[in-house]
Amino acid sequence: MVVSDAPNGGGSSSPPLVVEQTNTLGITKPISLAGPTDADLHRNAELEKFLLDSGLYESNEEAATRREVLQRLDQTVKSWVKQLTRQRGYTDQMVEDANAVIFTFGSYRLGVHGPGADIDTLCVGPSYVNREEDFFIILHNILAEMEEVTELQPVPDAHVPVMKFKFQGISIDLLYASISLLVVPEDLDISHGSVLYDVDEPTVRSLNGCRVADQILKLVPNVEHFRTTLRCLKFWAKRRGVYSNVTGFLGGVNWALLVARICQLYPNAIPSMLVSRFFRVYTQWRWPNPVMLCTIEENELGFPVWDPRRNPRDRYHIMPIITPAYPCMNSSYNVSASTLRVMKEQFRYGNKICDEIELSKAQWSALFQPYFFFEAYKNYLQVDILAADTDDLLAWKGWVESRLRQLTLKIERDTNGMLQCHPYPHEYADTSRHCAHSAFFMGLQRKEGEKGQEGQQFDIRGTVDEFRQEINMYMYWKPGMEIFVSHVRRKQLPLFVFPDGYKRNRMSRHISHSAEKMGEDAAKSNLGSSERSVKRKNDHEMLDEKLGKPEKRASISPQRLVCVSPESCSSQMSIDGTKGVRLAKNAGTKCEIKSSNGLLENGISTEGAYVHLSETGGVHPKNDSQNSRCSEVQNENGVDRNKAGEMDLDCLESAETASSKSLSNCKESAVDMDQRLDNTHNFQRTEYSDYVPTASSQALNCEEDEFELNHMTFGR
């Protein structure tokens, strides 16, 4: 078994390293070689204490349990391979030599896992043991019979086929790779390119998790600083709701690559400095310029690598983060325009908080304040997932969650980016239901700063129906597996989404989003808010008079229309570009309205329901004078991977200088540190041909989007 020797599951640690100008990691020279000041060392001690107090490190007992689980798993797969070798008539010597090896990757391999985290594992077996039958059927049955194994869930049709389960309570994600060897040596070097000979692409993707983790640890100047910084930023991403690859945000490997690049750019910085530089750099990053730790390697094996010049599909990646092991791939292909917008907002939030921390105006705890998703929007899509029991729900939920990103993409596509979605990567459950239940939510609002044409409507009824039909193609569907997509207003959100079971009083815009509204005059803000409130009230009165809208009904919980059949549910959910969102129900539609407790409610009409979207809502993005100085050059042939791999570092220089000047009272040396840039760092942004990003900035607080409509549900 090949596992890490480090106490926390990472690779062997590197001693503290002072990097000279001649020792360069990455595709460019560092931005700064400066080390920490006394103030940086003090902030670093406070940061490490905060991480420890937050419970991000596992106990010695749990670490020992993980090692024991890995040893048991290693014994299990070795026995499995010997059993198959014997059954297939190989010689006794072959049976004795038959072997399989367990590797770890992900957070465990990098040494940044916390209590309760899963272990990403890879089983490497011989060429005659295949994935489809031997792994997903025979090994699956062996694991199912073991008392220590629970919640066994095979996912053979995933992009990277995986088997998920718990072994003695430890969550395991197990991949399988069959390499072109009859006997797998115990000391197999998985980083060597020879393991990729004569294997298919799913096997390459399975192997690359381990190969990428090993490369990351080799390409950072100080492994311990990298680990602490990554542990900090993963915690931040989870608190701010942007940690989820499957939902369209970033997963563990994505955050690791982003942090590793910052470590390369500031090789002598300590974690407190690296966290601050992380937000400073990526706030200014010119996406879709890729983040790369090394040059993209070509190989005679012929596997496709990320290259927008040759692969038209790669030109549509809007946040490329490239893996450093051959074949180099974009690890963030799931990111959409909507999720990129949300992450850019959060980067700006983090950057402002770090500026305050460096000015001694805030503590580290301020950076990790949770994002109040259910206060940020006035409109949400609620996706309810139901099954007959918990085992069925586990499989059904995994399928639906893996496809939720498609709903975001379809809404962006069908509304030309005018309706922005914010999928929230947290799962909720209504424990009062008699059946197994899970729910996910998406925030909705019209694109910031866009004015719709008179009479323009964006109808997402067909979008949701298309999504529902794709979900219902699940090949392992069982009776009781249902999905409902419904629109709910903020005031009608179910109580089970709130931690204490009740809705807390909403904070004011200025308080709940102080980082986004920093420096704004409070009196002027209050006056503008009052004027907008009056305007919305007048708009509603005008709509009531003109359209004869029925009086609004008070609602405690969202009501849902459950369709008798998919064909009979033809109610329309549409968004008016100038007037708001409208739901219209076709005459003769056979639907039942149910409240969240399942009781039928009769006589409720969905006709004449409208939504008003205020044109004055939110904070409009400002033009960045620093960005305007960045050169933008079109390259019809795509990306020069050796130069366009990084953003225009003049932008970084401007950002570093401006930020350092603002901090001059507490750290005089910062300006000199951040102003020294070599002229060779001046890379030019390259725009992909045939690609126009649709992401735009949006205020985190969506106070001004006011929706009024009844609830529409699309059932299975």
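Predicted model: local features only at pLDDT ≥ 70, side-chain atom pairs only at ≥ 80, totals over all residues.

Trainee: Where does Gly252 sit?
Mentor: Gly252 is in helix α8, residues 252-265. Helices here are DSSP runs of H or I with at least four residues, strands are E runs of at least two, and both are numbered from the N terminus.

Trainee: How far is Gly252 from Gly106?
Mentor: Their C-alpha atoms are separated by 6.8 Å. Along the chain the two are 146 residues apart.

Trainee: New topic, the sheet. What is the strand order?
Mentor: β1-β2-β5-β4-β3, an open sheet of five strands with mixed pairing. Two strands pair if DSSP finds at least two bridges between them.

Trainee: Which strands are at the edges?
Mentor: β1 (101-105) and β3 (149-155). Each has a single partner strand, so one side of each is left without a neighbour in the sheet.

Trainee: And β5, how does it pair with β2?
Mentor: Parallel, over seven bridges; β2 covers residues 119-125. Leu122 stands opposite Leu175 in β5, and Ile119 stands opposite Ile172.

Trainee: What about β4 and β5?
Mentor: Those two are antiparallel, with five bridges. Lys166 has Ser171 in β5 as its bridge partner. The two strands form a hairpin with two residues between them. Gln168 in that turn has a positive phi of about 55°.

Trainee: How many residues of β5 are buried?
Mentor: Eight of the nine, so β5 is largely enclosed by the rest of the structure.

Trainee: Back to the surface. Which residues form the nonpolar patch?
Mentor: Tyr90, Leu182 and Val183, with about 240 Å² of accessible area together. Areas are Shrake-Rupley values with a 1.4 Å probe, and for residues only the protein chains shown count as cover.

Trainee: Where is Val183?
Mentor: In the loop between β5 (170-178) and α6 (201-219). Val183 counts as partly exposed, at 34% relative accessibility.

Terms used:
Residues numbered from 1 in each chain as written. Heavy atoms only, no water. Patch = residues over 30% accessible without salt bridge, like charges linked within 9 Å, V, L, I, M, F, W, Y side chains within 5 Å. Salt bridge = Lys/Arg side-chain N within 4 Å of Asp/Glu carboxyl O. Buried < 20%, exposed > 50% of the residue type's maximum accessible area, 1.4 Å probe, protein only.
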